[in-house]
Every structure is written in C-alpha cells, then in structure tokens.
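Q: I've got this structure open and want to get my bearings. Can we go through it piece by piece?

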Amino acid sequence: MVKHIILWKLKDELTAEEKQTVKAGIKEGLEGLVGQVPGLLEVTVTIDGVLASSNADVMLDCTLDTPESLKGYAVHPAHVAVADGKVRPYTCVRTCIDFEC
C-alpha cells in the first residue's frame, strides 16, 4: 500500500466565498477519481474543520495499491484534468509526502 498526501494553500487573492467554491470543487473532483484510476483505492479530501493554527487550506489523503499505481495516477488523464482545472489555477503552495505502509 502507498499513501499519497498533499497539502495545498489557496491563493490569497481569492475571496472567502471563492475559496469555499474552489475547495468544494477540489474535493468533488479528486474524490470522484476512485473507480477511474487503476490502483487508486481511497481518496479523502479535507476542506472543513481546518483550525486557524493550520498553514494549509486543503488536504488530500490517497491510498493506492502499489508505487507503480502512484506513478500511473500522476499521469492519468482524469487526474490531470482535475489537477489542471480545479487545483493548480487556485493554489500557490503544494507540499507532498508519499510513503509505503
């Protein structure tokens, strides 16, 4: 099993309302990839309940079956479409950790 965890900071120029809309779109898009990307077993996107002590706005927590599946996920057209359309235009900082468990 492989864990793929990403933290994103949204761009400061987004209004609070825009941030809520963007976060909902990120959640819907990424969680919708289960069943589309081979080897992607679970996806949880945390957008609510983030405390003021945090320095990130969104957390992605994925479980994949193998390191090879993680490589495939990175280039899968459905994932790239979500990343290019719902994530990258609205984020300014990305932190990632991948590990086997």
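Q: Where does Gly32 lie?
A: Gly32 is in the loop between helix H1 (16–31) and E2. Helices (H or I, at least four residues) and strands (E, at least two) are DSSP runs, numbered from the N terminus.

Q: Before we go on, what kind of model is this?
A: This is a predicted model: local features need pLDDT of at least 70, side-chain atom pairs count only at pLDDT 80 or more, and totals for chains, interfaces and linings use all residues. Residues are numbered from 1 along each chain as its sequence is written, and side-chain values use heavy atoms, with hydrogens and water left out.

Q: Back to Gly32. How accessible is Gly32?
A: Its relative accessible area is 34%, so Gly32 is partly exposed. Buried means under 20% relative accessible area, exposed over 50%, and partly exposed in between (1.4 Å probe, protein chains only).

Q: And how far is Gly32 from Val43?
A: They are 8.3 Å apart in space, C-alpha to C-alpha. In sequence, 11 residues separate Gly32 and Val43.

Q: New topic, the sheet. What is the strand order?
A: The order is E2-E3-E1-E4, in an open sheet of 4 strands with antiparallel pairing. Two strands pair if DSSP finds at least two bridges between them.

Q: Which strands stand at the edges?
A: E2 and E4 do. Each has a single partner strand, so one side of each has no neighbour in the sheet.

Q: How much are neighbouring strands turned against each other?
A: By 15° on average, direction ignored. Axes here are lines fitted to C-alpha atoms, for helices over the stretch in contact, and angles run from 0 to 180 degrees between N-to-C directions.

Q: How many bridges does E3 make with E1?
A: There are 7 bridges between E3 and strand E1 (residues 2–10), in the antiparallel sense. His4 has Cys62 as its bridge partner in E3, and Leu7 has Met59.

Q: And with E2?
A: E3 and strand E2 (residues 40–46) are joined by 6 bridges and run antiparallel. Leu64 in E3 stands opposite Leu40.

Q: Now the helices. What does H2 lie across?
A: H2 lies across E1, E2, E3 and E4. It runs at about 130° to E3.

Q: Which residues of H2 are buried?
A: Ser69, Leu70 and Tyr73. They cover an arc of only 105° around the axis, so they sit on the same side of H2. The arc is that of the directions from the helix axis to the C-beta atoms.

Q: What's on the face turned away?
A: That face of H2 carries the exposed residues Glu68, Lys71 and Val75. Glu68 counts as exposed because its relative accessibility is 56%.

Q: How do H2 and H3 cross?
A: The axes of helix H2 (residues 67–75) and helix H3 (residues 77–87) cross at roughly 55° and come within 5 Å. That makes H2 oblique to H3. Angles under 35 degrees count as roughly parallel, over 145 as roughly antiparallel, 65 to 115 as roughly perpendicular and the rest as oblique.

Q: Which residues make that contact?
A: Tyr73, Ala74 and Val75 of H2, with Pro77, His79 and Val80 of H3. Contact means heavy atoms within 4.5 Å.

Q: What about H3, which residues are buried there?
A: Ala78, His79, Val82, Ala83 and Val87 are buried in H3. Their arc around the axis is only 135°, which puts them on the same side of H3. They pack against E1, H1, H2 and strand E4 (91–100).

Q: And the face of H3 turned away from the buried side?
A: Exposed residues Pro77 and Ala81 are on it.

Q: Last one. At what angle do H1 and H3 pack?
A: About 180°, with their axes 10 Å apart. That makes H1 roughly antiparallel to H3. Val22, Gly25, Ile26, Gly29 and Leu30 in H1 meet His79, Val82, Lys86 and Val87 in H3.
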